[in-house]
Amino acid sequence: MDKLGLALFWDVYRELLTDTQKDICDMYFNLDLTVSEIAEEKDISRQAVSECVGACKKQLSRLEDSLGFVKRLAEAEKVAYELAREISAAEEKYAEVLPATFKEELSGILGRYSGKE
């Protein structure tokens, strides 16, 4: 599993991990600490940290395999992008016949959902 995929799984499923798993994996994934640094900070063995991180990776992957939320989010984002693209194209095509208030409203909607408002 690549780091980006793991980061997405982490964002979606981390609340399903134990507090200890969340704490150790947060240090590993987000704070970019090494296994040795985490072991020293938590006063546990490097092996315990390594096993925890490995177990979390497997659990996050299993959760995605079972639930598929990350895949569904990616598909929804793709659909939203395509809709925004098609609406923008239609707006340009019919710009001269659309009422100004409608164009403003449409631009506002597209801006809200594309993050460009």
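A residue counts as exposed when its relative accessible area is over 50%. By that criterion V97 is exposed, because its relative accessibility is 64%. The structure considered here is a predicted model, and V97 lies in its loop between α5 and α6, the latter helix covering residues 100-114.

The secondary structure of the protein consists of six helices and zero strands, and along the sequence the elements follow the pattern α-α-α-α-α-α. The radius of gyration is 22 Å, well over the 13 Å that the globule rule gives for 117 residues, so the protein is more spread out than a compact globule. Along the principal axes, the C-alpha trace spans about 70 × 30 × 20 Å. Of the 117 residues, 23% count as buried. The accessible surface amounts to about 8700 Å², with 53% of this area belonging to carbon and sulfur atoms. Where contacts between residues at least 6 apart in sequence are considered, 49% join residues at least 24 apart.

On the α1 side the contact is formed by L8, F9, V12 and Y13, which meet F69, V70 and L73 of α5. By class, the contact of α1 with α5 comprises seven nonpolar residues, with no polar and no charged ones.

In the second pair, helix α2 (residues 19-30) packs with helix α4 (residues 46-67) at about 95 degrees, with an axis separation of 10 Å. Helix α2 is thus roughly perpendicular to α4. The residues contributed by α2 are Q21, I24, C25, Y28 and F29, and those contributed by α4 are V49, C52, V53, C56, K57 and Q59. The contact of α2 with α4 divides into eight nonpolar residues, two polar and one charged.

Q21 belongs to helix α2 and is buried, because its relative accessible area of 14% falls within the class defined as under 20%.

D32 has a phi near 60 degrees, a positive value in a residue other than glycine. D32 is placed in the loop between α2 and α3, with α3 covering residues 35-42. With a relative accessibility of 58%, D32 counts as exposed. A positive phi of about 60 degrees is also found at D43, although D43 is not a glycine. The loop that holds D43 runs between α3 and α4. D43 is classed as exposed because its relative accessibility is 72%.

How values were computed
Residues numbered from 1 in each chain as written. Predicted model: local features only at pLDDT ≥ 70, side-chain atom pairs only at ≥ 80, totals over all residues. Heavy atoms only, no water. Axes fitted to C-alpha atoms, helices over the stretch in contact; angles between N-to-C directions. Helix = DSSP H or I, 4+ residues; strand = E, 2+ residues; numbered from the N terminus. Parallel < 35°, antiparallel > 145°, perpendicular 65-115°, else oblique. Contact = heavy atoms within 4.5 Å. Nonpolar A, V, L, I, M, F, W, Y, C, P; charged D, E, K, R; others polar. Rg over C-alpha atoms; globule rule 2.2 N^0.38 Å. Buried < 20%, exposed > 50% of the residue type's maximum accessible area, 1.4 Å probe, protein only. Areas by Shrake-Rupley, 256 points an atom, 1.4 Å probe, with all protein chains shown as cover.
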